Amino acid sequence: MATTAFVEFSVVVRPQSNFVNTSYLQQLHSHRPFLSLSIPKSAAALSFTQSQGFGCAIERQQCDRGDFVQISAVRELAGSLISAQGHRFAIVVARFNDLITKKLLEGALNTFKSYSVREENIDVVWVPGSFEIGVAAQQLGKSRKYQSILCIGAVIRGDTSHYDAVVNAATSGVLSAGLNSGTPCIFGVLTCDTLEQAFDRVGGKAGNKGAEAALTAIEMASLFEHHLKPLQ
């Protein structure tokens, strides 16, 4: 049985400000340790400070008391990005701001192609705007025809609070679609302050976020297919 040694720490308060009553702190220090804890020896190199008021210092002491059982093996589950061949994907795309969303879609399609996803295994569904993405994604997810659903849109901040309402609706809509359908729904909606920021994210200096979202869709499809598939 594997064991791990533990180290005892005592926390001592040290003054870092002219406004601290130093005589009181000296009394505390003389009665140390007033707080102690035991943590694994491997994590013993701890220190922290505070910019104002009290500062704290960690003093390390060896402690031979008690051994704790350590788990020797942990099972890890992860999706694969090697290939998505045989998987079916749906892409829900908002038509509003299509100068942006078409480039996001293009990036996503190129990524799917590079990971061996056949064109006939991709369905593209157009909706009027980002507000409508969630309800369409949920229906597609409930159909059980797809391993993952990619949601693409672009919301650019304007002069009114309409931006906040649409962003919140799109975010919660995509999340709810995945939770309610049991099919991974990937958030690929840009939320930018300016059009320039959006163009930077569809092939500019920030890359293409549609392509990045497609990678997430592939990984989540693999994770669900091989490890998290719901019981029929």
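Before going on, a word about what you're looking at. This is a predicted model, where local features need pLDDT of at least 70, side-chain atom pairs count only at pLDDT 80 or more, and totals for chains, interfaces and linings use all residues. Residues are numbered from 1 along each chain as its sequence is written, and side-chain values use heavy atoms, with hydrogens and water left out.

Now for the whole chain. Its secondary structure comes to six helices and eleven strands. Of the 232 residues in the chain, 37% are buried. Take the contacts (heavy atoms within 4.5 Å) between residues at least 6 apart in sequence: 80% of them join residues at least 24 apart. The chain exposes about 14,300 Å², and carbon and sulfur atoms supply 52% of that; the area comes from the Shrake-Rupley method with a 1.4 Å probe.

Back to H3. This helix is mostly covered, with seven of its ten residues buried. Those are Ile 133, Gly 134, Ala 136, Ala 137, Gln 138, Leu 140 and Gly 141. After H3 comes Arg 144, which has a positive phi, near 60°.

Ser 130 counts as buried because its relative accessibility is 5%. Leaving aside residues up to four places away in sequence, Ser 130 touches Ala 94, Gly 153, Ala 154, Val 155, Val 166, Ala 170 and Val 189.

How do helices sit against each other? Two packed helices are described by the angle between their axes and the distance between the axes. Helix H3 (residues 133-142) and helix H4 (residues 162-181) pack at about 15°, with their axes 8 Å apart. H3 and H4 are therefore roughly parallel to each other, a label for angles under 35 degrees, while over 145 is roughly antiparallel, 65 to 115 roughly perpendicular and the rest oblique. On the H3 side, the contact is made by Ile 133, Gly 134, Ala 137, Gln 138, Gly 141 and Lys 142, and on the H4 side by Gly 173, Val 174, Ser 176, Ala 177, Asn 180 and Ser 181.

H4 also holds Ser 172. At 38% relative accessibility, Ser 172 counts as partly exposed. The C-alpha atoms of Ser 172 and Phe 131 are separated by 9.9 Å, although these residues are 41 residues apart along the chain.

For another helix pair, turn to helix H2 (residues 98-114) and helix H6 (residues 209-226), which pack at an angle of about 45° with axes 7 Å apart. That makes H2 oblique to H6. H2 brings Leu 104, Gly 107, Ala 108, Thr 111 and Phe 112 to the contact, and H6 brings Lys 209, Gly 210, Ala 211, Ala 214, Leu 215, Ala 217 and Ile 218.

Key:
Axes are lines fitted to C-alpha atoms, for helices over the stretch in contact, and angles run from 0 to 180 degrees between N-to-C directions. Helices (H or I, at least four residues) and strands (E, at least two) are DSSP runs, numbered from the N terminus. Buried means under 20% relative accessible area, exposed over 50%, partly exposed in between (1.4 Å probe, protein chains only).
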